Amino acid sequence: SSVLYVLPLGFVESSCPSRIFWMKLNKLLLQGKFFQLEINDPYSGPILLDEKLASRCGYVLSEDVWGNPVFRASVLGCHVVNEADELFSLTVNIKVSSFSNMRAAVTYAYPMYCSYSSWASREIVCEENYMEVSVKTDVPSVSNDYTVAWMSALPETQNVAYQLWQLMFVSPSGRKIITVSDAAKLGYSFNNTLYRVYLRAPYHSNESDITMVNGVDMNMVTSTSMYRQRWLLLLIDTTVSCPVDGVHFTDTTLTWTVPSIIPTLVVQESTFLSKTILMGVNDQVIINPEEKNYLLEHNKTHIRITIPIGAEGGKLKSSVSGGIYGVIYNIDLFLEHTWTDADWQTTKYTVIRSITTPFMPQIPSVTNNTLPEERLFNVALGHFLPDVSLVAITIGNVPFTLREAQHHGFKIYETPFSNRMKGFILEISFDDPYVLKEYLNRNETKYTLLVNYTLSVGPEMTLYYHSAALDCVIADIELPEAVGYCDEENLYLAIPTFGLHQYWNLYLGNKLLTQHVAHTNGYLAATNSTHLVLQVPLFAVGIIYEEVSFQKIRARFDVALRKVRTMETLQMFSISCSFNSSAFISKLCNQSVNKKICDSFLHFITVSLIFSVCHPDGTITISAQMKTVPAIDMGKTKLRNSSCKPREYNEEHAFFKFHVTTCGTSVRFEGDHIIYENEISYEKETLPGQSAATITRDPDYRLRVLCYYRAKETLVLGAFAGDPTSSSPFGSGRMVPRSNTAVYRRIRQALNVVSRVSKDESFTEFYESNVAILKRPLEPVFLELELKDESPDTELHVENCWVTESLDFSSTQRRNITLNG
């Protein structure tokens, strides 16, 4: 009832090689629509083609390597019109619909014609879904007069039906004789034409058997076709055998092997003679296989075809398996072998085989063509077959469609590679906000591009994801260069602001330099468009006095440039200036905080210059210029420990430098300060007399030196040798001169502290108080101190411990137990 339409031009191609109808539909003209095929029976009309009908009647419906539907039919098919075994015709209806249920289908009738007259005595076709054997029959006419005599002579023929074809199958399970109609129910097809008898059998039927021939498994159906008419009994061997394997793969080739001689088809092997061997691809015979890099070789046992994977005539197809990209190669081959032997004269043996390789993983390569000098990531992803397309990318964790990526400024384009492959190139600037940046080393930046590709693979358009990470390190950062200068009251450090807090920070010792820290320490920090200018007053925290002498005092201020993440020090910025000692002390005494310190000793002695500095590392420097009447020898001045003499001296000057733990320096606590005390004195020269009295011409001279440190701050030892940038605050220096009539006595300040000495490191058993403890040199002493004061503002810090032979706490004969806690 369907209306027949005229076929679109180019929709169908057909041919008839080697007695096989071959029809191909153009998938492009199908335009993604659904289609069905009907076989037009000349007597009963169209019959829908399905798998069961196809294998029984000699039809095959498949696709070629390009995805085009292919229909093949034997000229001995069920619905083929046969004219004298020479002219054959078959009409196929092609139904096309936009719906899967095929409603509103358009039907195109397509007739095919084939002529074939050069039949061999036996022809065998091994198709993908059936095996077919056809045999030439020359049956002479028989007179009815001899029927009774013939039948009596061969009584066993009484079992063969009269004028009815029957089939006898021989299998490992025994013999089976069935009628043709019953054989059709089992999937077989048997019929006779004017000159031939043929049998078509499915693979792996109950009547078949698998045998191995020269390493190749063969599916074999051993059968005899029987027909009785009058006194004629016709027995025809319709055995057929076809290969079911014989395909092997390597990484680069596929090999198809077929036995040269099949024993069940050649009974007298000594009479076997191979005549021609031809190979073909699709429906075309290949005359010179070597021109297409095919290899066809044969010997007495095998015929072997070797095809390079990817060779012309086949097709590579992209696929995804388990999230991995790979390819599959497919090629449609046929082999035609013609031989002769004494039993069958000529046999033409044709095998049609579609071969598909297993999935072959092809991990895409990422080629980094980044151009550092252009600050541009250039990455190529490949190699892919033409059936792969890029549909989206993700940079970092931000997804982009191709249109969004192009709009953002990414450059994406395809590029052809060799062997009909292609790839995708992505270009992104280093300065793109989605590129990760990490500051390295002194002047290097690492740029990282994290990209995840989304690709559509194969005709199934399966999504495949491939990620890549690219790094590029370039020296594109300049470390800042600081500029330092001084005026009469301040030291200045000007540092470029580029990169501050992004790549690096400024530190005073181990303390991050912030506006709060600067303000607390008395600095002034000002920022303009290019620089941070740090103004540090002469007497602010952090000033380091490199040199103190009669003539000059050299002050230095240090700032460390450190990496933000690792705290690694990359650069030390230092400004160092020299000041005239007189001017320096004059400014010191002009500071309100030091005014009383300077004034407190002026009435004791005529002073033209007296100055002390208490350094954060516990070093005390004293520079004094003194005029006494009469004059004294400044080289004979000393500290409490008489071995501590001036570092420098002349007629009027003496310069001392010593540590608070040496030269007899004593320590006491006063409020929230720790006070270290020493004194400068003069060793008088005495004149011996006759009486007990002594005569001296020198004036009495004593100069008391006090250094104040906040109790909650830690005195840094070895700061100059270790870290000159220590930001611990300076102590304030006090010098108190006194005469020998003013007897000074150091009184130990009573603190609510209890101390005990443990007998061992477990601190479970202690010595009794006021008991002498004998220890060898270098033997450890386990000392426990406990602060009984309940005030929350009181803290206990053990700085230095020593032992002395005297009950006088201020005794200069000390042996250190611990230094710096």
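**Entry 1: ground rules**

Strands, as I count them here, are DSSP runs of E at least two residues long, and helices are runs of H or I of at least four, both numbered from the N terminus. I am working on a predicted model, so I keep local features to residues with a pLDDT of at least 70.

**Entry 2: the whole chain**

I began with the secondary structure and got 8 helices and 61 strands for the protein. Next I looked up burial: of the 821 residues, 45% are buried. The accessible surface came out at about 43200 Å², and carbon and sulfur atoms account for 51% of that. I also checked how far contacts reach along the sequence. Taking contacts between residues at least 6 apart, I found that 61% of them join residues at least 24 apart.

The largest nonpolar core has 86 residues, and the members that touch the most others are Ile307, Tyr349, Ile393 and Leu426. Which strand gives this core its largest share? I traced that to β28 (residues 324-341), with 7 residues.

**Entry 3: disulfides**

How many disulfides are there? My count is 5. I went through some of them one by one.

I took Cys57 and Cys78 to start with; their sulfur atoms sit 2.2 Å apart in a disulfide. The torsion about this S-S bond is about -95 degrees, so the link is left-handed. Cys57 belongs to helix α2 (residues 51-57), while Cys78 is in the loop between β7 (69-74) and β8 (81-83), so the bond ties together parts that are 21 residues apart in sequence. Are the two ends buried or exposed? I found Cys57 buried, at a relative accessible area of 1%, but Cys78 partly exposed at 31%.

Then I turned to Cys486 and Cys577, a disulfide with its sulfur atoms 1.6 Å apart. This one is right-handed, because the torsion about its S-S bond is about 85 degrees. Both ends are in strands, Cys486 in β40 (residues 483-486) and Cys577 in β48 (residues 569-580), so parts 91 residues apart in sequence are tied together here. Cys486 is partly exposed, with a relative accessible area of 27%, and Cys577 is buried at 12%.

I noted one more pair, Cys644 and Cys663, joined by a disulfide with an S to S distance of 2.0 Å. At -90 degrees about the S-S bond, the link between Cys644 and Cys663 is left-handed. I placed Cys644 in the loop between β51 (637-638) and β52 (648-649) and Cys663 in the loop between β53 (653-659) and β54 (666-670), so this pair ties parts 19 residues apart in sequence. Cys644 and Cys663 are both buried.

Still on cysteines, I checked Cys472: its relative accessibility is 10%, so it counts as buried, the cut-off being under 20%.

Most residues other than glycine have a negative phi, and most peptide bonds are trans, so I searched for exceptions.

I found a cis peptide bond between Gly382 and His383, with omega at about -5 degrees. His383 is in strand β32 (residues 376-384).

Ala84 has a phi near 60 degrees, a positive value in a residue that is not glycine. I located Ala84 in the loop between β8 and β9, and its relative accessible area of 39% makes it partly exposed.

His204 is another non-glycine with a positive phi, again about 60 degrees. The loop between β16 (196-201) and β17 (209-213) holds His204. Is His204 buried or exposed? I get a relative accessible area of 54%, so His204 is exposed, as the cut-off is over 50%.

**Entry 4: a look at Ala105**

I found Ala105 in the loop between β9 (87-97) and β10 (106-115). Ala105 is partly exposed at a relative accessible area of 25%. What does Ala105 contact, leaving aside neighbours within four places in sequence? I found Lys95, Val96 and Ser97. From Ala105 to Ile94, 11 residues away along the chain, the C-alpha distance is 9.5 Å.

**Entry 5: a nonpolar patch on the surface**

Lastly I looked at the outside. Val753, Val781, Leu783, Leu785, Leu796, Val798, Val803 and Ile817 make a nonpolar surface patch, with about 550 Å² of accessible area together. I picked out Leu796, which sits in the loop between β59 (782-787) and β60 (801-804). Leu796 has 38% relative accessibility, so I log it as partly exposed.

Conventions: Residues numbered from 1 in each chain as written. Predicted model: local features only at pLDDT ≥ 70, side-chain atom pairs only at ≥ 80, totals over all residues. Heavy atoms only, no water. Patch = residues over 30% accessible without salt bridge, like charges linked within 9 Å, V, L, I, M, F, W, Y side chains within 5 Å. Areas by Shrake-Rupley, 256 points an atom, 1.4 Å probe, with all protein chains shown as cover. Salt bridge = Lys/Arg side-chain N within 4 Å of Asp/Glu carboxyl O. Buried < 20%, exposed > 50% of the residue type's maximum accessible area, 1.4 Å probe, protein only. Disulfide = S-S within 2.5 Å. Core = buried A, V, L, I, M, F, W, Y, C linked by side-chain atoms within 4.5 Å. Contact = heavy atoms within 4.5 Å.
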